[in-house]
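Please work through each task before reading its solution.

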Amino acid sequence: MEAFLNKKYKLNSSEKFDEYMKALGVGMMTRKLGNTVSPVVELTKSDDGKFVLSSNSTFKNSSIAFKLNEEFDEETPDGRKVKSIITQDGNKLVHTQKCDKHNDTTIVREFEPEQLKMVLTVDDITCTRIYKPVQ
């Protein structure tokens, strides 16, 4: 993942994000706002060896610090409290979120030189979001 550290990617296209948020119980107003912003995502590494994944937009800024293969507590941007674990598969980070109140979700982030592809899955809904590098 070192090749993709400190690179910023801005949302370029999104499919089925509203359906994904709706399945997670996100309210209509928050979904409307979520569908209008183009967040910038960046993966960095802190001095203590943790990865930091940040997402910044005019609507909301969020970040998570994690070590690969170690479970951690996370509060998602929509307010869910989940147990998360992130594993690496080549150039992909596979993020699994487990929650008592909602179904489990999976977010696969595939880092490439020309794009970051995020595939978000809950139940039978798959959302694909493509981010392009910020120069």
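**Exercise 1.** Determine how many residues lie between β3 and β4 in their hairpin, and how many bridges join the two strands.

*Solution.* Strands here are DSSP runs of E with at least two residues, and helices are runs of H or I with at least four, numbered from the N terminus. Two strands pair if DSSP finds at least two bridges between them. The β3–β4 hairpin has 4 residues between its strands. β4 covers residues 61–66 and runs antiparallel to β3, with 6 bridges joining them. Within this pairing, valine 52 has alanine 65 of β4 as its bridge partner.

The model is predicted: local features need pLDDT of at least 70, side-chain atom pairs count only at pLDDT 80 or more, and totals for chains, interfaces and linings use all residues. Residues are numbered from 1 along each chain as its sequence is written, and side-chain values use heavy atoms, with hydrogens and water left out.

**Exercise 2.** Describe the pairing of β2 with β3 and the turn of their hairpin.

*Solution.* β2 (residues 40–45) pairs with β3 (residues 51–56) in the antiparallel sense over 6 bridges. Lysine 45 stands opposite phenylalanine 51. The hairpin leaves 5 residues between the strands, and glycine 49 in the turn has a positive phi of about 90 degrees.
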